[in-house]
Amino acid sequence: MKYDVIIVGAGPGGIFSAYELMKRRPGWKIGVFESGTELEKRHCPIDGDKIKSCIGCKSCSIMSGFGGAGAFSDGKYNITNDFGGTLYTHIGRKKALELMHYVDQINLDHGGEGTKLYSTAGTAFKKICIQNKLRLLDASVRHLGTDKNYIVLKNLYAEMKDHIDFHFNTPVDSIELLSREETDGDSAAFSESSLDTPRYRVHFADGSADAHYCIVSAGRSGSKWMEKVCRDLQIPTKSNRVDIGVRVELPAVVFSHLTDELYESKIVYRTEKFEDSVRTFCMNPNGIVVTENTNGIVTVNGHSFEDPSRKTENTNFALLVSKHFSEPFKDSNGYGESIARLSNMLGGGVIVQRFGDLARGRRSNPARIAECTVQPTLQATPGDLSLVLPKRILDGIIEMINALDKIAPGTANNDTLLYGVEVKFYNMEVSLDENLETNHPGLYVIGDGSGVTHSLSHASASGVYVAEVISSEQ
Ligand SMILES: Cc1cc2nc3c(=O)[nH]c(=O)nc-3n(C[C@H](O)[C@H](O)[C@H](O)COP(=O)(O)OP(=O)(O)OC[C@H]3O[C@@H](n4cnc5c(N)ncnc54)[C@H](O)[C@@H]3O)c2cc1C
């Protein structure tokens, strides 16, 4: 197999690279290698009936396959440089925003039309937040919703499948740098810049494929593999942060004044006690709480649907505290993993606790959860989060819940549910230049796998960007 461009991973980063290359260079041969399945075959076995919790499938359908981790997500495309990644540090603020708008337009053209674009511009909540020691971050948010997000992906695939070779169920084992001798044996004819000259060979279970350009977009689920690739190819990396916290679930009416106007409000609070920053993350009005499996560790997340028939009475969002270790211990993700493992050990998966029980220093049990006025949307094990989360993190979360109660009364009610743990792992940051190119010419790393992006919009924008760079080279 010989390609002009090989893309590893068919998440938003890989998809948008492939899509943009197909548009700009219709004559090029592009191969996409993906560990998971095509979109229609992605199916999480948890049905809430026979299978109630994660059974640790070989390839997690929530995280892998066409659409990547974003396929069953809430499809919130945040158009901002304030959060979602640091792509702007490589390509500039203006370019990053421009590409996020470009991606938004592609989504609209592929089934996302009619969805709402929310914005913090001019909102009165900024002042109300500041008056209560909270800070509302600036953003425009396109909310596709899980169902429309799926349709957009389906339409993008339909448009690409006859022009691009998609190899599903094909995890790439390694990436090899080819030397002149290994390519066609004719070292005199070897030209670094010629598209005919393969420079990379990707190896998978039953073969290999060569290409002149290689774009790696392995996302969060490919984090361990990405570390190996960087070690093997001597690509410098540095440790990234980890975000640890809980998912809050409460009656949707408590937050409706915020979610109706802004949909997703990113609010930051500085704790009185430790001056740590606690922030809201991934708000799902009328949504559901779900589990997530990353490398066998079960954590919690949230979804919501655009379809009115699938809306629930509850809103959920995460409250997270960032931790970044550098010296002498630098494994921030390892720290987060240990906390998640502890929660898995005590709860057999995700733990749920009433805020009132946490405040009283007692565990929640099935009877207390059954009597709760908030009906949990995820079946989790009633327990005690104070046995899992470090005191400093837990204190920060409790402080923030009380601060949020001032702008959204009811947040600190006894029956507010807290699910734990929610951990946002970030890939180690790969050393990349302003083109998102590694120290090896023609090898690019994009999306969440690069540690540079942490969101659908930034990952997609990074994909378009590299496609632009590559096609302008030839
Ligand atoms: C439940 C959930 C909800 C989310 N909701 C939102 C949201 O509303 N808004 C938002 O901005 N972000 C959201 N996110 C985050 C968002 O999905 C990611 O930021 C985004 O998908 C990153 O895109 P990516 O292409 O970089 O990586 P991914 O989407 O992770 O895709 C990487 C792909 O590479 C494949 N892969 C990995 N290693 C290999 C290998 N060795 N060989 C071949 N293939 C490989 C994986 O199978 C995967 O399909 C959510 C995430 C989850 C899990």
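# Questions on a predicted model

Trainee: Gln234 lies in the loop between helix H7 (223-232) and strand E11 (237-238). Is Gln234 buried or exposed?
Mentor: The model is a predicted one. Gln234 has 10 other C-beta atoms within 10 Å, so the class of Gln234 is exposed.

Trainee: What is phi of Gln234?
Mentor: Most residues other than glycine have a negative phi. Gln234 is a residue other than glycine, yet its phi is positive, near 55°.

Trainee: Tyr263 also has a positive phi although it is not a glycine. Is Tyr263 buried or exposed?
Mentor: Tyr263 sits in the loop between helix H8 (252-262) and strand E13 (267-270), and its phi is about 60°. The cut-off for a buried residue is 20 or more other C-beta atoms within 10 Å. Tyr263 has 21 C-beta neighbours inside 10 Å, so it counts as buried.

Trainee: How is Gln379 classed by its C-beta count?
Mentor: Gln379 belongs to the loop between helix H11 (366-371) and strand E19 (381-382). Gln379 has 15 other C-beta atoms within 10 Å, so it is partly exposed.

Trainee: What separates the C-alpha atoms of Gln379 and Val352?
Mentor: Along the chain, Gln379 and Val352 are 27 residues apart.

Trainee: How are helices H3 and H13 oriented to each other?
Mentor: The axes of H3 (residues 93-112) and H13 come within 9 Å and cross at roughly 100°. Angles of 65 to 115 degrees count as roughly perpendicular. H3 and H13 are therefore roughly perpendicular.

Trainee: How many nonpolar residues are in the contact of H3 with H13?
Mentor: H3 contributes Ala96, Leu99, Met100, Tyr102 and Val103, and H13 contributes Ser457, Ser460, Ala461, Val464 and Tyr465. By class, there are no charged residues, 2 polar ones, and a nonpolar count of 8.

Trainee: What is the crossing angle of H3 and H5?
Mentor: The axis of H3 comes within 8 Å of that of H5 (residues 145-160). H3 is roughly perpendicular to H5 because their axes cross at roughly 95°.

Trainee: How many charged residues are in the contact of H3 with H5?
Mentor: From H3 come Asn107, His110, Gly111 and Gly112, and from H5 come Lys148, Ile151, Val152, Asn155 and Leu156. These divide into 3 nonpolar, 5 polar and, for the charged class, 1.

Trainee: Which class has 24 residues in the shell around the ligand?
Mentor: 42 residues surround the ligand, and the closest are Gly11, Gly68, Gly219, Gly222 and Gly447. Helix H1 (12-24), strand E3 (76-79) and helix H13 (456-473) each supply at least two residues of this shell. The shell has 12 nonpolar and 6 charged residues, and the class with 24 is polar.

Trainee: How many residues make up the largest nonpolar core?
Mentor: Val5, Ile6, Cys214 and Tyr419 touch the most other members of this core. Beyond its neighbours within four places in sequence, Ile6 contacts residues including Phe33, Tyr200, Val202 and Cys214. The number of residues in the core is 133.

How values were computed. Residues numbered from 1 in each chain as written. Predicted model: local features only at pLDDT ≥ 70, side-chain atom pairs only at ≥ 80, totals over all residues. Near = placed C-beta within 6 Å. Helix = DSSP H or I, 4+ residues; strand = E, 2+ residues; numbered from the N terminus. Nonpolar A, V, L, I, M, F, W, Y, C, P; charged D, E, K, R; others polar. Core = buried A, V, L, I, M, F, W, Y, C linked by C-beta atoms within 7 Å. Buried ≥ 20, exposed ≤ 12 C-beta atoms within 10 Å, placed from the backbone. Contact = placed C-beta atoms within 7 Å. Axes fitted to C-alpha atoms, helices over the stretch in contact; angles between N-to-C directions. Parallel < 35°, antiparallel > 145°, perpendicular 65-115°, else oblique.
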